[in-house]
Amino acid sequence: MKQDFLTYGLYAVMAAFLLALGTGEACAQRARKHRAGQLSADSLRAQFVADSLALLDTVRVADPSLLRLDDLEAPADTARLAAAADSAMAAAAVTPARKEKKTWIPVPNRAVWLSLAIPGAGQIYNRKYWKLPIIYGGFVGCAYALTWNGNMYKDYSQAYQDIMSDNLNNNSYMDFLPAGYTQEMVMQRKSYYQELFRKRKDLYRRQRDLSIFAFIGVYLLSVIDAYVDAELSNFDISNDLGMRLEPTIFNDALRHRPEAVGLQCSFTF
């Protein structure tokens, strides 16, 4: 009986020891978790403070007016810092709007009237200044041709009148003959020289008239160019417009077989 009592007592002591040991281990684990939680909290708090300081530096760089001595000594206001950071980021994100370049669109009727009044004024109105040398070069060329052919026509007309007359003192036609020719030599072949001077007179008269028509043509072309240029100033010339040339085979619709080989032109608009 006494031995059983000792055995039960030994079991009770061992159970108490194990219970105490488990309780101590549980307390140790709770202590370790508590310390780990404090360390995590301290780490999060330190990270938050570091982020706040970095954000404060960024805001102060963006807005120098925030650099005050009391801000360096006072604790950081996270709400104010967040609001300032948001405003700085919004200001950085907003880009100044570019002014759209206005496209010059001339009025065709105005361009026509300006060209009719002053040659080349329509091209100046359409802002196509590079066409002015072409237009005025055409006028200068036509004016020179008109003057040259007009003078030659007058000279040959007077020479033709002199050679057709019987007055030997009227010999202006001798100025057009080579050196060494005499009036007796001309009279020996008078009919030949009369026909020659008549043809030369008619030639220079025709060229004079053509020079007048060319002058008028350059004038009209300047007016037409000004009108067409103004009319097509807002014409669509995007990438959707195009023309393509490619070889193709033309089939016979009745016999259903190739008939000829040619070139196909396709427009895209």
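User: What pattern does the chain follow when read along the sequence?

Analyst: Let's walk along this predicted model from its start. The chain holds 8 helices and 2 strands. Read in order, the pattern is α-α-α-α-α-α-α-α-β-β.

User: How much of the chain counts as buried?

Analyst: To count as buried, a residue needs a relative accessible area under 20%. The chain has 269 residues, and the share of them that passes this test is 20%.

User: And what share of the accessible surface belongs to carbon and sulfur atoms?

Analyst: Start with the total for the chain, which is about 20900 Å². The part of that surface belonging to carbon and sulfur atoms is 63%.

User: Are helices α4 and α8 roughly parallel or antiparallel?

Analyst: Helix α4 covers residues 108–117 and helix α8 covers residues 190–231. They pack with their axes 8 Å apart, at an angle of about 160°. An angle over 145 degrees counts as roughly antiparallel, so the relation of α4 to α8 is roughly antiparallel.

User: Is the crossing of α4 and α8 left-handed or right-handed?

Analyst: Handedness is a separate property to look at for this pair. The crossing of α4 and α8 is right-handed.

User: Which residues of α4 meet α8, and how many residues in the contact are nonpolar?

Analyst: From α4 come Pro108, Ala111, Val112, Ser115 and Leu116. Their partners in α8 include Tyr219, Ser222, Val223 and Ala226. By class, the contact has 2 polar residues and 1 charged residue, and the nonpolar ones number 9.

User: Is Ser222 buried or exposed?

Analyst: Ser222 lies in helix α8. Apart from neighbours within four places in sequence, Ser222 is in contact with Ser115, Gln123 and Ile135. Its relative accessible area is 2%, and the cut-off for buried is under 20%, so Ser222 is buried.

User: How do α6 and α8 pack: roughly parallel or antiparallel?

Analyst: Helix α6 spans residues 132–164. The axes of α6 and α8 are 8 Å apart, and the angle is about 160°. Because over 145 degrees counts as roughly antiparallel, α6 relative to α8 is roughly antiparallel.

User: How many nonpolar residues are in the contact of α6 with α8, and what is the hand of the crossing?

Analyst: The contact of α6 with α8 divides into 22 nonpolar, 8 polar and 6 charged residues. As for its hand, the crossing of α6 and α8 is left-handed.

User: How far apart are the C-alpha atoms of Ala145 and Ala214?

Analyst: Ala145 sits in helix α6, and it is partly exposed at 24% relative accessible area. Ala145 and Ala214 are 69 residues apart along the chain.

User: What separates the C-alpha atoms of Asp155 and Asp175?

Analyst: Asp155 is also found in helix α6. Asp155 is partly exposed, with a relative accessible area of 39%. Along the chain, Asp155 and Asp175 are 20 residues apart, and their C-alpha atoms are separated by 9.7 Å.

User: What is the phi of Arg127, and where is this residue?

Analyst: Arg127 is in the loop between α5 and α6, and it is partly exposed at 48% relative accessible area. Most residues other than glycine have a negative phi. Arg127 has a positive phi, near 65°.

User: Which residues does Ser165 touch, not counting those up to four places away in sequence?

Analyst: Ser165 is in the loop between α6 and α7. At 24% relative accessibility, Ser165 counts as partly exposed. The residues Ser165 touches are Asn170 and Lys190.

User: Last one: which residues is Thr248 in contact with, leaving aside its neighbours within four places in sequence?

Analyst: Thr248 has its place in strand β1, which runs over residues 242–252. Its relative accessible area is 17%, so Thr248 is buried. The contacts of Thr248 are Ala260, Val261, Gly262, Leu263 and Gln264.

Terms used. Residues numbered from 1 in each chain as written. Predicted model: local features only at pLDDT ≥ 70, side-chain atom pairs only at ≥ 80, totals over all residues. Heavy atoms only, no water. Axes fitted to C-alpha atoms, helices over the stretch in contact; angles between N-to-C directions. Helix = DSSP H or I, 4+ residues; strand = E, 2+ residues; numbered from the N terminus. Parallel < 35°, antiparallel > 145°, perpendicular 65-115°, else oblique. Left-handed = near helix turned anticlockwise from the far one by under 90°. Contact = heavy atoms within 4.5 Å. Nonpolar A, V, L, I, M, F, W, Y, C, P; charged D, E, K, R; others polar. Buried < 20%, exposed > 50% of the residue type's maximum accessible area, 1.4 Å probe, protein only. Areas by Shrake-Rupley, 256 points an atom, 1.4 Å probe, with all protein chains shown as cover.
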